[in-house]
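Biologist: I would like to learn how to read a protein model, one feature at a time. Please show it to me first.

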Amino acid sequence: MSTRIAFLKGHGTENDFVIVPDPENALDLPPAAVTALCDRRAGIGGDGLLHVVRSAAHPEATHMAGQAEWFMDYRNGDGSVAEMCGNGVRVFARYLQHAGHVTEGDLAVATRGGVKTVHIAKDGDVTVGMGRALLPEGDVTVSVGDRRWPARNVNMGNPHAVAFVDDLAHAGDLYSPPPFSPADAYPSGVNVEFVVDRGPRHVAMRVHERGAGETRSCGTGACAVAVATARRDGADPAATGSPATYTVDVPGGTLVITERTDGEIEMTGPAVIVAEGEIDGDWLENAVR
């Protein structure tokens with residue numbers, strides 16, 4: 001491990017990330033290293049880590065290298081690997097712009113959830129093509145304490161359970177994963193969104209992200225919420241022939257989600273780089289022992 005390792009810190013609607021540029025995939029970042037870096041007291045602090053690698057240099061992304069030069073090797077704050085992170089893709093794109101790898105306009109980013117199309121607008125917002133939602137059949141419930149709610153099972157490349165509640169406070173502290181049933185609905189765990197209405201095509205949510213706890217925002221979660229709300233409202237674009245756009249308030253800001261008539265979902269929101277510096281390699285080696 002090198003003595004000094006470059007890093008940046010960024011956030012998208014306050015879903016924050018440690019960014020580690022490593023174009024040739026030369027760094028060893030085991031789960032313990034990711035956990036140490038994301039620790040808010042003893043490390044840099046973040047909901048997750050964005051490992052920036054050229055697709056051709058990463059064994060999980062070489063098959064996507066012809067479509068996207070860069071691979072977002074995303075890790076949750078507990079060190080576990082995740083398929084996708086919507087806010088993370090926006091911050092990943094902002095980093096690529098910050099580093100001079102891309103400019104305003106369109107680009108493609110490889111993720112474990114497939115290749116995502118991204119547009120960096122002149123006004124600073126970033127739009128990500130999030131793909132189509134899958135809506136697995138079967139009843140799901142989530143609970144907090146004595147309260148239980150039916151939840152909509154939505155998969156955005158990662159699993160979500162969307163529950164509509166009367167008050168966001170009913171979600172509790174969200175330190176621990178809310179229990180769900182049936183147990184086999186989500187064999188690898190699930191992101192759970194609690195949702196209230198704010199107005200026409202306008203909702204607010206809180207989320208427990210698997211591997212991270214409650215976060216200030218979740219991009220794939222906001223997409224799952226928009227899809228679940230559209231189905232509840234009878235606004236399925238495939239059935240109505242009109243796109244459905246929802247404003248989704250998260251604790252860290254606001255995201256705008258549009259589901260097109262072909263099922264493709266676009267998410268628009270801010271992405272900010274707030275700092276950059278160097279990680280002490282000796283500290284990181286000691287932290288993973």
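Biologist: Which residues does Met-205 touch, not counting residues up to four places away in sequence?

Modeller: First, the ground rules: this is a predicted model, where local features need pLDDT of at least 70 and side-chain atom pairs count only at pLDDT 80 or more, while totals for chains, interfaces and linings use all residues. Residues are numbered from 1 along each chain as its sequence is written, and side-chain values use heavy atoms, with hydrogens and water left out. Contact means heavy atoms within 4.5 Å. By that rule Met-205 touches Leu-168, Glu-193, Phe-194, Val-195, Cys-218, Gly-221, Ala-222, Val-225, Val-248, Asp-249, Val-250 and Pro-251.

Biologist: Which residues touch the most other members of the largest nonpolar core?

Modeller: A nonpolar core is a set of buried Ala, Val, Leu, Ile, Met, Phe, Trp, Tyr and Cys residues joined through side-chain atoms within 4.5 Å. Buried means under 20% relative accessible area, exposed over 50%, and partly exposed in between, with a 1.4 Å probe and protein chains only. The largest core here has 52 residues, and Met-72, Met-205 and Ile-257 touch the most other members. Its largest share, eight residues, comes from helix α3 (residues 219-232). A second, separate core of 16 residues includes Ala-161, Ala-163, Leu-174 and Phe-194.

Biologist: What describes a pair of aromatic rings?

Modeller: The distance of the centres and the angle of the planes. Rings of Phe, Tyr and Trp (its six-membered ring) pair if their centres lie within 6.5 Å; planes under 30 degrees apart are stacked, over 60 edge-to-face, and the rest tilted. The whole structure has three such pairs. In one of them, Phe-17 and Tyr-74 are edge-to-face, at 5.9 Å centre to centre and 75 degrees between the planes. Phe-17 is in strand β2 and Tyr-74 in strand β4, so this pair ties together parts 57 residues apart in sequence. Phe-17 is buried at 0% relative accessible area, and Tyr-74 is buried at 3%.

Biologist: How far apart are the ring centres of Trp-149 and Phe-194?

Modeller: Their centres are 5.6 Å apart and their planes lie at 75 degrees, so this pair is edge-to-face. Trp-149 lies in strand β9 (residues 147-155) and Phe-194 in strand β12 (residues 191-199), so the pair ties together parts 45 residues apart in sequence. Trp-149 is buried, with a relative accessible area of 10%, and Phe-194 is buried, with 0%.

How values were computed. Helix = DSSP H or I, 4+ residues; strand = E, 2+ residues; numbered from the N terminus.
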